[in-house]
Amino acid sequence: MQSIGDTLRKLREEKELPLRKVAAMLDIDTSLLSKIERNERRANREQIIALAKIYEVKESQLLVEYFSDIVAYEISEEESTKQILLAAEEKVKYIKKLNK
């Protein structure tokens, strides 16, 4: 299991792209991209979508990893993680039903 930062670093290295070049494509500082890859900072949704295009991978693949990281870090220190995830899944279903 990898974090989104690990995945992004791996994809960049597979494409043999220097950090500075990818950072320039995203119009962000090289140090910020480095922190994202080291999981010290969180990318935003738009950056993840742009990175999917740069690395030529499915947007949905990176977004799943991105959002699962957000959820995992948010609840990782709670005791009832399984119950939280089950309740969240039910709430998502409910919200989607309301929005139809």
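Visitor: What should I know about the model before asking about residues?

Guide: The model is predicted, so local features need pLDDT of at least 70 and side-chain atom pairs count only at pLDDT 80 or more, while totals for chains, interfaces and linings use all residues. Residues are numbered from 1 along each chain as its sequence is written, and side-chain values use heavy atoms, with hydrogens and water left out.

Visitor: Where is L62 found?

Guide: L62 is in helix α5, residues 59-75. Helices here are DSSP runs of H or I with at least four residues, strands are runs of E with at least two, and both are numbered from the N terminus.

Visitor: Why is L62 called buried?

Guide: Buried means under 20% relative accessible area, exposed means over 50%, and partly exposed is in between, with a 1.4 Å probe and protein chains only. L62 has a relative accessible area of 0%, so L62 is buried.

Visitor: Which residues is L62 in contact with, leaving aside its neighbours within four places in sequence?

Guide: They are I4, T7, L8, L11, I48, L51, A52 and V57. Contact means heavy atoms within 4.5 Å.

Visitor: Which residues of the largest nonpolar core touch the most other members?

Guide: Of its 22 residues, these are L8, I48, L51, Y55 and L62. The elements that give two or more residues to this core are α1, α2 (19-26), α3 (30-37), α4 and α5. The most comes from α4, with six residues. A nonpolar core is a set of buried Ala, Val, Leu, Ile, Met, Phe, Trp, Tyr and Cys residues joined through side-chain atoms within 4.5 Å. In soluble globular proteins, nonpolar side chains tend to be buried together.

Visitor: Which residues of α5 are buried, and what covers them?

Guide: The buried residues of α5 are L62, L63, E65, Y66, D69 and I75. Their cover includes α1 (4-14), α4 (45-55) and α6 (81-98).

Visitor: How many aromatic pairs are there?

Guide: The count is one. The rings of Y66 and F67 have centres 4.9 Å apart and planes at 65°, so the pair is edge-to-face. Rings of Phe, Tyr and Trp (its six-membered ring) pair if their centres lie within 6.5 Å; planes under 30 degrees apart count as stacked, over 60 as edge-to-face and the rest as tilted.

Visitor: What makes Y66 buried and F67 partly exposed?

Guide: Y66 has 9% relative accessibility, so Y66 counts as buried. F67 has a relative accessible area of 39%, so F67 is partly exposed.

Visitor: How many salt bridges are there?

Guide: The count is six. A salt bridge is a side-chain nitrogen of Lys or Arg within 4 Å of a carboxyl oxygen of Asp or Glu. One of them joins E37 and R12, whose closest N and O atoms are 2.7 Å apart. E37 lies in helix α3 and R12 in helix α1, so the pair ties together parts that are 25 residues apart in sequence. Both E37 and R12 are buried.

Visitor: Which parts of the chain does the pair of K15 and E56 link?

Guide: This salt bridge, at 2.6 Å from N to O, links the loop between α1 and α2, where K15 lies, to the loop between α4 and α5, where E56 lies, 41 residues apart. K15 is at 36% relative accessible area, so K15 is partly exposed. E56 is at 63%, so E56 counts as exposed.

Visitor: Why are K93 and E90 separated by about one helical turn?

Guide: Because K93 and E90 are three residues apart in helix α6, about one helical turn separates them. Their side chains form a salt bridge at 3.5 Å, N to O.
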